[in-house]
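Reader: I have a model open and want to know what the labels on it rest on. Can we take them one at a time?

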Amino acid sequence: MDKTVKISAYSPPTRSAVPKEKPAMDRFVALELEQKQAQLDEERNKSLELLRNVVQLRESLKQEQAKSAEQEAKVVQLEDKLKKLAALEESQIAKRNAQIEEEKKYSLELMHTIEQLKEDIKQEKAKSLEIAHSGVELEAKLIEIAALEARIKDLSGVFGKIISIAEAAKVVADK
């Protein structure tokens, strides 16, 4: 990647071969060559610096790619965990919903049972009221029966007297 331009070093011509008009020109060319060499050195330094930057950036890119791969792996793991947790949560929700439904059914059954028991209690109260009323009626009838029995005893005594009078009258008539 490193491209360098090779330029042969400038060697000034020997003085004997150089005419007298050319020294100013040679100085100008030498100065120009020095400027070009300075520019070339500057460009070479810039190129080296850019090359170092490119190498650093490549290393940074490799590190970032490695980090990115690690993060992608972590993301995949987290997504798997999330899916597992979601599935687990869904199954727990389904179980809870099923339990709730069972509890609702059981509650409805209990409510029906409670209503039935309330109805039974009402019927039993009505029966006990009827029995109590019947008991009162029976007590009244027992009192009535007791009174009738007392009358029957009185009447039995009266019939007994009538019979004894009739028998005495029969005995007197038969005589």
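Author: Start with a definition. A salt bridge is a side-chain nitrogen of Lys or Arg within 4 Å of a carboxyl oxygen of Asp or Glu. Keep in mind that this is a predicted model.

Reader: Why is the contact of R44 and D41 called a salt bridge?

Author: Set the value against the cut-off. The N to O distance between the side chains of R44 and D41 is 3.3 Å. The limit is 4 Å, so the pair counts as a salt bridge. Both residues sit in helix α1, 3 residues apart, about one turn of the helix.

Reader: What makes R44 partly exposed?

Author: Its relative accessible area is 27%. Buried means under 20% and exposed over 50%, so R44 falls in between. D41 has 31%, and therefore is partly exposed as well.

Reader: How do you know that E42 and K46 form a salt bridge?

Author: Their side chains meet at 3.6 Å, N to O. E42 and K46 are 4 residues apart in helix α1, separated by about one helical turn.

Reader: Where do E42 and K46 fall, buried, exposed or in between?

Author: E42 has a relative accessible area of 44%, which makes E42 partly exposed. K46 has 43% and is partly exposed too.

Reader: What makes E49 and R52 a salt bridge?

Author: The N to O distance is 3.0 Å. The cut-off is 4 Å, so E49 and R52 qualify. They lie 3 residues apart in helix α1, about one helical turn. E49 is partly exposed at 39% relative accessibility. R52 is partly exposed at 47%.

Reader: Now the nonpolar surface patch. Which residues make it?

Author: L155, V158, F159, I162 and I163 make a patch of about 470 Å².

Reader: What is the secondary structure, and how much of the protein is buried?

Author: The protein has 1 helix and 0 strands. Of its 175 residues, 1% count as buried. The accessible surface comes to about 16500 Å², of which 60% belongs to carbon and sulfur atoms.

Conventions: Residues numbered from 1 in each chain as written. Predicted model: local features only at pLDDT ≥ 70, side-chain atom pairs only at ≥ 80, totals over all residues. Heavy atoms only, no water. Helix = DSSP H or I, 4+ residues; strand = E, 2+ residues; numbered from the N terminus. Buried < 20%, exposed > 50% of the residue type's maximum accessible area, 1.4 Å probe, protein only. Areas by Shrake-Rupley, 256 points an atom, 1.4 Å probe, with all protein chains shown as cover. Patch = residues over 30% accessible without salt bridge, like charges linked within 9 Å, V, L, I, M, F, W, Y side chains within 5 Å.
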